[in-house]
Amino acid sequence: MYDVFITKASTYLPNNPVSNDEMETYLGLINGAPSKAKSLILRNNKITTRYYALDEEGNPTHTNAQLTAKAVEGLFDENFKKENMNLLSVGTTSPDQMQPSHASMVHGELNIGKSIEINTATGLCNSGMNALNYGFLSVKAGVQENAVCAGSERMSAWMTADKFNHEAENLKLLEERPIVAFKREFLRWMLSDGAGAFLLENKPRETGISLKIEFIDFYSYAHEIEACMYAGCDKQEDGSLKSWADYPSDEWLKQSIFAIKQDTKILDKYILVKGAESLRSSFDKHNLDPEKIDHVLAHISSGYFKDGLKDEFAKKGMDFPAEKWFYNLSDIGNIGAGSIFVALEELMNSGTLKKGEKVLLCVPESGRFAYSCALLTVC
């Protein structure tokens, strides 16, 4: 078995940052009317700028595969050329198509001139960590000498007004059951586009920062809790999901079946509690001392959860001081599967990391409440 190191990180954020006031310029007005929920959601999530792979008329400027490829290209240098890549493992919530796989499309964009092993992880925020874990295990087992792992999203294309106009035409429905509108609109003001990529190798770089991956753990609570975040389906009264394939095609637009939705009542009830429970399990499993953790990078979808997450961790005996937490949500938005990649890249290049320090990564996924965490050591 080999040690595995993140030897380089790279990100790609498309176009210019978009302010809160500019969002509806890019995403459009649903049936020509400004959103009533936007200001409340933005006030709670505390995001001030984000990035869209759209121009000001709402036209796409990049595909998800192109965003990911650009992040990967940032890893290439004199020490690691594109022809050296052996494995490409990528994760996303928002692939450009159902088939071919996202990894296939990214490989095609990279034009590296050779066949490589590819892997695609799908799902929600944990798909990026799933992709990282595949690369980690491949290098650790000696199957590959290196792996390129990436997390990315292009959610803006899912959030443009034309995707919701058919549903919103029935204004009486929206007035009588505002939760129908809110659960679909909620994420319009939360999500951002971008990609991050890591190079994994079986030895650290001689110069610069490398991060040794000590472990990556995963936990799912789908055996206890119904779905909270979902798309391509709709939730029924009993909590089950009805697939798009079981709806008549003329209902797909009327009910925004393909829109990504969030059950905020379940989100508030479980997301922090189960996150703390899962992290406590990892600390017990690996016999970790919370005081020995130097940096905590927790992916959160909204600034609303920031203080609550710290409190829940503290209740489980993991009281990390405020100065140890690192966030960049307010500046880049919620990039889902790419968020933890983009945050760690910024920390790696900040000049603040010191040899021997421990970096903790925590990623929640509200789909049906799955969590991951990883411990890294600065080399």
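This is a predicted model: local features need pLDDT of at least 70, side-chain atom pairs count only at pLDDT 80 or more; totals for chains, interfaces and linings use all residues.
1. Ala-314 is partly exposed, because its relative accessible area is 29%, and partly exposed means the range between under 20% (buried) and over 50% (exposed). Ala-314 sits in helix α11, which runs over residues 306-315. In sequence, 172 residues separate Ala-314 and Gly-142. In space, their C-alpha atoms are 38 Å apart.

2. Next, Gly-142 itself. Gly-142 belongs to the loop that runs between α5 (126-140) and β6 (146-153). Its relative accessibility is 40%, so Gly-142 counts as partly exposed. How far apart in space are Gly-142 and Met-1? They are 6.6 Å apart, C-alpha to C-alpha. In sequence, Gly-142 and Met-1 are 141 residues apart.

3. Now the whole chain. The protein chain holds 13 helices and 15 strands. Its radius of gyration is 20 Å, close to the 21 Å that the globule rule gives for 379 residues, so the protein chain is as compact as a globular protein of that length. The C-alpha trace spans about 65 × 50 × 40 Å along its principal axes.

4. Burial and surface. Of the 379 residues in the protein chain, 54% count as buried. The protein chain exposes about 16500 Å². Carbon and sulfur atoms supply 49% of that area.

5. Contacts along the chain. Consider contacts between residues at least 6 apart in sequence. Of these, 81% join residues at least 24 apart.

6. Charge. The protein chain carries 40 positive and 52 negative side chains. The centres of the two sets lie 3 Å apart.

7. Domains. Domain 1 covers 4-211. Domain 2 is made of 213-221 + 263-378. Taken over C-alpha atoms, the centres of domain 1 and domain 2 are separated by 19 Å. How many residues of domain 1 are in contact with domain 2? The count is 46 residues of domain 1, in contact with 39 residues of domain 2.

8. Ile-213 deserves a look. Ile-213 lies in strand β8, residues 211-220. Is Ile-213 buried or exposed? Its relative accessibility is 3%, so Ile-213 counts as buried; the cut-off for buried is under 20%. Leaving out residues up to four places away in sequence, Ile-213 touches Val-4, Ile-6, Leu-132, Phe-136, Leu-200, Leu-375 and Leu-376. Ala-161 is another matter. Ile-213 and Ala-161 are 52 residues apart in sequence, yet 42 Å apart in space, C-alpha to C-alpha.

9. Helix α13 is mostly covered. Nine of its 10 residues are buried. Among them are Ser-339, Ile-340, Val-342, Ala-343 and Leu-344. Glu-345, Leu-347 and Met-348 also belong to the buried residues of α13.

10. Phe-341 is part of that helix, α13 (residues 339-348). Phe-341 is buried, because its relative accessible area is 0% and buried means under 20%. Which residues does Phe-341 contact, leaving aside neighbours within four places in sequence? They are Thr-11, Gly-128, Leu-132, Cys-149, Ala-150, Gly-151, Gly-196, Ala-197 and Phe-198. Leu-132 is also touched by Ile-213. Phe-341 and Met-129 are 212 residues apart in sequence. Their C-alpha atoms are 8.9 Å apart in space.

11. Backbone points to check. Most residues other than glycine have a negative phi, and most peptide bonds are trans.

12. The peptide bond between Gln-99 and Pro-100 is cis. Its omega is about -5 degrees. Pro-100 is placed in the loop between β4 (87-92) and α4 (102-110).

13. Asn-31 has a positive phi, near 50 degrees, and is a residue other than glycine. Where is Asn-31 found? Asn-31 is in the loop between α1 (23-27) and α2 (38-45). Its relative accessibility is 39%, so Asn-31 counts as partly exposed.

14. Lys-46 also shows a positive phi, about 60 degrees, although Lys-46 is not a glycine. Lys-46 lies in the loop between α2 and β3 (49-50).

Key. Residues are numbered from 1 along each chain as its sequence is written. Side-chain values use heavy atoms; hydrogens and water are left out. Helices (H or I, at least four residues) and strands (E, at least two) are DSSP runs, numbered from the N terminus. The radius of gyration is taken over C-alpha atoms; the globule rule is 2.2 Å times the number of residues to the power 0.38. Buried means under 20% relative accessible area, exposed over 50%, partly exposed in between (1.4 Å probe, protein chains only). Contact means heavy atoms within 4.5 Å. Accessible areas come from the Shrake-Rupley method with a 1.4 Å probe; for residues, only the protein chains shown count as cover. Lys and Arg count as positive and Asp and Glu as negative; His and the chain ends are not counted. The place of a charge is taken as NZ of Lys, CZ of Arg, CG of Asp or CD of Glu. Domain bounds come from an automatic or database domain assignment.
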